[in-house]
Amino acid sequence: MLADFGMPHFLSYLLVSIHLCGLIAAVHAVLTVRTAQGALAWGLSLFFMPYLTLLPYIVFGRSRFDAYVKARRKCDEEMRQAMTSLDSKPWLAEAEAARESPLYRRLRALPKLSRLPCLANNQVKLLVNGQDTFAAIFTALSQAQKVALIQFYIVHDDELGKRMHQAMLERAAAGVQVYFLYDGIGSHALPAAYVDSLRAGGVNVSEFPTGGGILDRFQLNFRNHRKIVVVDGITGFVGGHNVGDEYMGKDPKLSPWRDTHVQIHGPVVASLQVSFAQDWFWATHELPKLVLPEHFDAGGVLCQVIPSGPADPQETGSLLFVEAIHAANERIWISTPYFIPDEALDAALRLAVLRGVDVRVMIPAHGDSKVVSAATRLYAFQAMKGGIRVFCYQPGFIHQKAMLIDSGAAIIGSANFDNRSFRLNFEINLLTVDNTFALEVEQMLNDDFKLARELQTADRKSVNVLQQFGMRVARLVSPIL
């Protein structure tokens, strides 16, 4: 009898506790979430639906902690001080040559977004799709003599992952200092045996941490989404590929996988090393061994590495794309797997159309996430109303992150066109300024456009009421995806 009497009271206390926690979390969201859209989405859902949203907020929503940001900035400053003993003189001439180039003035505020300088005299090569990308990476690793820096968001213990595993062990056995950094969330399925065997074989291995504390075990923000490989300080790689068989087109649901990487030679490879060193120092409080060549060949492409992350003094990721769009006078072509622009980016794209700029966005016809795909499709339909041309890539899943600005500049890297990449993830992008390389990017994107179908007004009108409702629900949560 007492048990029957106590159960209703227990449930009442539980419901009151959940609502109280939801109210506290809603206040926390309003005070801490970085965007008005995200604060509104979390605040209302936590207040009215705490049963459904409290746990997701604990996992996804605590997007910025002052303590974490301060710790990361302090770590970066310590890392920079530790690197002062390294000879940076080779950068000076390349940075001065970049500033004297007529192309540099076309970049407007873009070079000021990164602490890393815009550098001249680089050689860049497009690597289209996984076969070309990993053939080049494994070739470079096989020739490593001193140091290999390897960083990926996702690493699987599949065929490609085993090849990477073997390549690292072989170089370590040959006396090369191999550093391997992976994201703990993206690589959550990576077996402990994979990592343990690398350590046993002499590879320096670390998981990228998001911070400490009990609650941070559930924290899925602050993901390190960067993909960096540097060999002997001479050859670098950056782009959209991770280490998994799906990136080689072996996932039947998403095949053929479409992605892009860039191979780099020249002084800007030093900037890739600095970005890697910051992340490695945060994870281990030690500096990796870095190699800075004393001389570089004259001639080549202006390049700038632009890392971004949640600890930046300003929102580098978002500002990068906003300024790139504002800088366009002729065209701005964007290829992204997730198209969820915030108000600033949406306005920048619409203003570009009004200036007479050819604005195109390419997205997957079929995405890898139903919620994100629904939000992407709704934003695409809204973009069409502003005169933006939207293309759906048909053969498979397009994962490349590329932007072409007029006829002389391009951005290729790891950042998606969504809030998570703008503000929550650690990302890295390569800005190139060169008419010849921009022409190669144009040809690559034109080949993709030929395999895509442009959305028409009829596509927007054919969406039924249930689909519209689903897309608008997806849009409601899009700021926190």
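Let's start at tryptophan 280. Leaving out neighbours within four places in sequence, tryptophan 280 is in contact (heavy atoms within 4.5 Å) with Tyr179, Phe180, Leu181, Asn204, Val205, Ser206, His285, Glu286, Leu287 and Pro288. Take one of these, serine 206. Tryptophan 280 and serine 206 are 74 residues apart in sequence, yet 7.7 Å apart in space, C-alpha to C-alpha. Tryptophan 280 sits in helix 9. Helices here are DSSP runs of H or I with at least four residues, strands are E runs of at least two, and both are numbered from the N terminus. Is tryptophan 280 buried or exposed? Buried, with a relative accessible area of 4%. The cut-offs: buried is under 20% relative accessible area, exposed is over 50%, partly exposed is in between, with a 1.4 Å probe and protein chains only.

A word on the source. This is a predicted model, where local features need pLDDT of at least 70, side-chain atom pairs count only at pLDDT 80 or more, and totals for chains, interfaces and linings use all residues. Residues are numbered from 1 along each chain as its sequence is written, and side-chain values use heavy atoms, with hydrogens and water left out.

Now the whole chain. The protein chain has 16 helices and 15 strands. Of its 481 residues, 57% are buried. Take contacts with a separation of 6 or more: residues 24 or more positions apart account for 82% of them.

Next, helix packing. Helix 6, residues 129-142, packs against helix 7, residues 159-173. The angle is about 15 degrees and the axes are 10 Å apart. Axes are lines fitted to C-alpha atoms, for helices over the stretch in contact, and angles run from 0 to 180 degrees between N-to-C directions. So helix 6 and helix 7 are roughly parallel. That label covers angles under 35 degrees; over 145 is roughly antiparallel, 65 to 115 roughly perpendicular, and the rest oblique. Which residues meet? Phe134, Ile137, Phe138, Leu141 and Ser142 come from helix 6. Leu160, Arg163, Met164, Ala167 and Arg171 come from helix 7. The residues of this contact between helix 6 and helix 7 are seven nonpolar, one polar and two charged. Nonpolar here means Ala, Val, Leu, Ile, Met, Phe, Trp, Tyr, Cys and Pro; charged means Asp, Glu, Lys and Arg; the others, Gly among them, are polar.

A second pair. Helix 10, residues 316-327, and helix 11, residues 343-354, pack at about 10 degrees, axes 9 Å apart. That makes helix 10 roughly parallel to helix 11. Helix 10 brings Ser318, Phe321, Val322, Ile325 and His326. Helix 11 brings Ala344, Leu345, Ala348, Leu349, Leu351 and Ala352. The residues of the contact of helix 10 with helix 11 split into nine nonpolar, two polar and no charged.

On to the backbone. Most residues other than glycine have a negative phi, and most peptide bonds are trans. Where are the exceptions? Histidine 285 has phi near 60 degrees. Histidine 285 lies in the loop between helix 9 and strand 8, and at 54% relative accessibility it counts as exposed. Aspartate 406 has phi of about 55 degrees. Aspartate 406 is in the loop between strand 12 and strand 13, and counts as buried, at 10%. The peptide bond from serine 255 to proline 256 is cis, omega near -5 degrees. Proline 256 lies in the loop between strand 6 and strand 7.

Last, cysteines. Cysteine 392 is buried at 3%.
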